[in-house]
Amino acid sequence: MCGIVGYQGNEEACNILIDALRRLEYRGYDSAGIAIWDNERPIRLARKQGKVNELQGAIREDDFRGRMGLAHTRWATHGVPSERNAHPHRAGDVVVVHNGIIENYLELKESLKKEGNSFQSDTDTEVIPHLVSSYIRKGNGFEEAVRLSLKRLKGSYALGIIREGENTLIAAKKESPLIVGVGDGEYMIASDAPAIINRTNRFIFLEDDDVVVVRDGTLKITDIDGTEVSRETKHVQWTGAMAEKGGYRHFMLKEIFEQPRALSDTLIGRIQEEQGEVLFEELSLPDMGKMKKIWMVACGTSYHACLIGKQIFEANLRIPVETDIASEFRYRDPILDENDLIILVSQSGETADTIAAMKEVKKKGVHTLAICNVLGSTLSRESHSVVYTHAGPEIGVASTKAFTTQIAVFFMLMLHLGKLTGALDTQDVRRHIGELKKLPHKIQTILDSHSEMEECARRNMHCKDFLYLGRGIHFPTVLEGALKLKEISYIHAEAYAAGEMKHGPIALIDENMPVVFVSPRDQTYKKTCSNMEEVITRRGKVLLFTDDNEHEMSGKVDTVFVFPETVYELQPVLDVVPLQLLAYYIANLLGTDVDQPRNLAKSVTVE
Ligand code: F6R
């Protein structure tokens with residue numbers, strides 16, 4: 001996830017773009033860059049690793065005079081955070097900023113290299129200016145060259161493109177957000193409206209395959225073939241204060257709502273439904289034939305994802321999996337075999353205990369595989385191999401989209417390994433990919449019912465303790481639900497495997513104790529119903545989360561929230577979402593500092 005912005009108008013573009021870039025920094029801050037053009041001088045371009053401040057410090061306003069330009073703030077996906085991988089990217093006289101992922105960039109790069117083009121970065125984006133330049137060299141005009149290039153791209157993009165010598169800004173969108181701001185004597189493009197809300201509140205919300213051409217102060221929107229399309233200009237009532245959070249009150253809420261998009265980005269380029277294949281370009285593995293055990297090691301929310309990963313792997317691959325908390329694992333001298341595989345999971349890739357666990361394992365010569373979100377992080381660099389979750393920057397301290405994308409990665413890894421070992425055939429993988437692909441839409445339907453969770457939060461916000469219960473694959477989900485609640489609302493919450501309730505926690509239950517049950521209709525259903533009966537008998541208040549519209553306990557419980565069905569191993573991706581919302585709304589109603597709860601930090605870099 002990156003932020004892009006572009007300007008053409010009557011004022012100096014540089015400060016306008018830098019200002020907009022700051023409001024887009026929540027989308028990433030690995031590097032930033034800007035390109036400015038005016039009639040008199042060639043395009044000037046500056047790029048810096050780090051935040052927008054670094055970029056601003058590096059440019060002299062006098063050198064960057066001009067009334068048209070593009071700017072970018074990056075969250076690295078392809079190519080480590082560095083100046084040479086920073087946008088804008090340039091080839092010949094064409095300059096591009098991009099948000100999204102070009103899935104077929106390797107193939108395009110090869111063919112462009114054969115034409116004699118040389119590449120300066122490791123990014124997927126750089127193929128775009130090369131493609132456009134190449135079409136221009138073949139005799140096409142700028143606009144036509146862009147259209148021909150867009151037709152060659154697979155994947156997602158929001159693009160801003162300019163060319164030296166032409167007062168033309170071209171933008172295009174497919175599966176990544178992009179809007180046009182209509183100002184007084186000026187047009188802007190941006191990844192979201194708050195980035196430019198201080199200049200205009202009139203926006204055109206672009207659709208996929210729209211191509212925008214701003215030329216000499218006039219605007220034209222066409223489809224990818226050049227046929228004009230009409231798009232309404234809407235007035236939006238937003239304030240600048242909403243800017244950094246894209247209109248959401250907190251980063252955490254924004255990140256919860258981003259999960260459909262984040263999950264699509266996790267899957268993109270890896271699943272091949274037709275062929276029944278899941279591919280990981282970046283993966284290297286030890287000999288599966290000799291592997292006796294897989295270990296999954298992490299902290300906090302990432303550890304909860306490991307508990308789910310274990311169930312996904314064991315059920316399908318029939319290889320024993322051991323899970324461990326990183327801070328325990330590293331000190332207990334675990335019995336490792338040189339043929340084992342250790343999977344270390346971390347959103348940040350900077351968690352000290354997880355890194356220390358990885359170092360211990362490497363000393364023993366065992367293969368380490370990191371599942372990380374942050375590109376170029378310590379864990380991702382120092383492990384033998386890495387799979388990225390591609391969830392986009394997670395800024396709220398409470399982890400949300402990292403969790404659901406980690407589960408998706410575990411599931412995809414299972415499919416990949418299953419195919420390698422013969423545990424799964426093409427039909428199985430195809431069927432599972434079909435289910436995976438439906439998840440973003442299903443999460444969206446849960447998010448669309450968010451007000452039910454807000455209401456539930458209102459009814460329960462003053463309770464002092466919560467109990468969370470679930471069985472099987474839902475046990476890690478309730479651990480995660482309870483962790484979310486306690487860390488952001490400071491309400492005491494405990495999670496147990498539902499079968500354990502009668503071994504102790506049942507003593508806590510009275511009319512003041514909400515008991516959250518996750519109980520979809522699966523192999524755990526009947527037993528969990530009995531546990532609910534036991535709670536209700538003791539006057540406990542049950543909040544039920546299920547995929548069953550006609551759950552047999554519906555009539556007896558305080559609240560029922562129904563989410564969509566999916567296969568057993570993927571249910572946590574769905575059932576955790578209402579629990580995230582519940583925790584968020586309770587904390588928000590209580591007025592705590594949701595994004596930076598007391599005593600916590602986003603990356604725990606101390607042991
Ligand atoms: C909880 C939370 C933490 C992290 C933990 C590990 O909401 O965010 O429990 O999950 O500190 O962090 P990473 O995944 O960055 O290693």
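This is a predicted model: local features need pLDDT of at least 70, side-chain atom pairs count only at pLDDT 80 or more; totals for chains, interfaces and linings use all residues.

I began with Thr351: one of its polar side-chain atoms is 2.5 Å from an oxygen atom of the ligand. I call that a polar contact, meaning a pair of N or O atoms within 3.5 Å; inside the protein, one atom must be able to donate a hydrogen and the other to accept it, and sequence neighbours count only if both atoms are side-chain atoms. Glu487 also has a polar side-chain atom 2.5 Å from a ligand oxygen. For Thr301 I found a backbone N or O atom 3.0 Å from an oxygen of the ligand.

Residues are numbered from 1 along each chain as its sequence is written, and side-chain values use heavy atoms, with hydrogens and water left out.

Next I looked up who else is around the ligand. There are 15 residues, and Ser302, Ser346, Ser348, Thr351 and Glu487 come nearest (near means a heavy atom within 4 Å).

Which domains supply at least three residues each to the shell? I got domain 2 (251-446) and domain 3 (450-590). The protein also has a domain 1 (3-241); these bounds come from an automatic or database domain assignment. I jotted down that the C-alpha centres of domain 1 and domain 3 are 45 Å apart.
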